[in-house]
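Let's take a friendly walk through the charged side chains of a protein model. Have the structure open beside you as you read.

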Amino acid sequence: MSQRSSQNARTQKQMAGDAKGMTRKGAGSARPSREAATTVRTIAPGKTGAKTGSGNSAAGGSLFGGNSHKKEERRLERERRDREALVANIEVKKHPRYATYRRVWWVLLGLGLFMTIVCWIVMAANPETSRDPYSTMGMASTGSLIAAYACILAGFIFDWIKIRPMRRNAEKTAAQMSDKKLNAVIEEDYEQREAAKAANKAAKSK
């Protein structure tokens, strides 16, 4: 293989360090052999973390913040409904006829349950009543069963006609109250019950 002469101008420039464009460029500065595909998205190195981080943090903040806000709203709604139900129960008891109507309702249900038990006892003591419903015991069993159904049905009808309207009016009244008014009614009822307990305890101690 032939070598250049030391008198060659190019060789002398290389020896003196004046030659330009003679060093090979590094691999990092080399251009890609072909352009990136149109579907490939290139991002500058300094902007990747900022954009990704800020986007994720914003999305995450809005997601969890919205969930916590909705949970708080649902909790407040549940508390409001509970207080309305409590106040409605307090208000309906103030009706002068409510206690009487409730006793009538319990009597009807109690009679229905009693007659049902009588029917079971008669049928257990006399199994032939199911084969001879026109006998004395058979008629007693059938009559007690009919009376039981009649009492239970009358209790439900009485509740629907007499007691249910009172409850609806009390619920409507409680729904129209403000939070402050609801709390005041509950507090007043609590104080009255505590005073009644104290009075009963003092009366028993005497």
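A residue is called buried when its relative accessible area is under 20%, exposed when over 50%, and partly exposed in between. Keep in mind that this is a predicted model.

With those cut-offs, let's start with Arg-74. Its place is in helix α2, which covers residues 45-93. Together with Lys-70, Lys-71, Arg-78 and Arg-81, Arg-74 forms a positive surface patch.

Now for the salt bridges. How many salt bridges are there? The count comes to nine, and the table shows three of these pairs.

| Pair | Closest N to O |
|---|---|
| Glu-79 and Arg-75 | 2.6 Å |
| Asp-189 and Arg-193 | 2.9 Å |

Glu-79 and Arg-75 are four residues apart in helix α2, about one helical turn. Glu-79 is partly exposed at 35% relative accessibility, and Arg-75 is partly exposed at 32%.

Arg-80 is buried, with a relative accessible area of 18%, whereas Asp-179 is partly exposed at 38%.

Asp-189 and Arg-193 both lie in helix α5, four residues apart. Asp-189 counts as buried at 19% relative accessibility, while Arg-193 is partly exposed at 41%. Finally, salt bridges with shared partners join Arg-80, Arg-83, Glu-84 and Asp-179 into one network.

Terms used. Residues numbered from 1 in each chain as written. Predicted model: local features only at pLDDT ≥ 70, side-chain atom pairs only at ≥ 80, totals over all residues. Heavy atoms only, no water. Patch = residues over 30% accessible without salt bridge, like charges linked within 9 Å, V, L, I, M, F, W, Y side chains within 5 Å. Areas by Shrake-Rupley, 256 points an atom, 1.4 Å probe, with all protein chains shown as cover. Salt bridge = Lys/Arg side-chain N within 4 Å of Asp/Glu carboxyl O. Lys, Arg positive; Asp, Glu negative; His and termini not counted. Charge placed at Lys NZ, Arg CZ, Asp CG, Glu CD. Helix = DSSP H or I, 4+ residues; strand = E, 2+ residues; numbered from the N terminus. Buried < 20%, exposed > 50% of the residue type's maximum accessible area, 1.4 Å probe, protein only.
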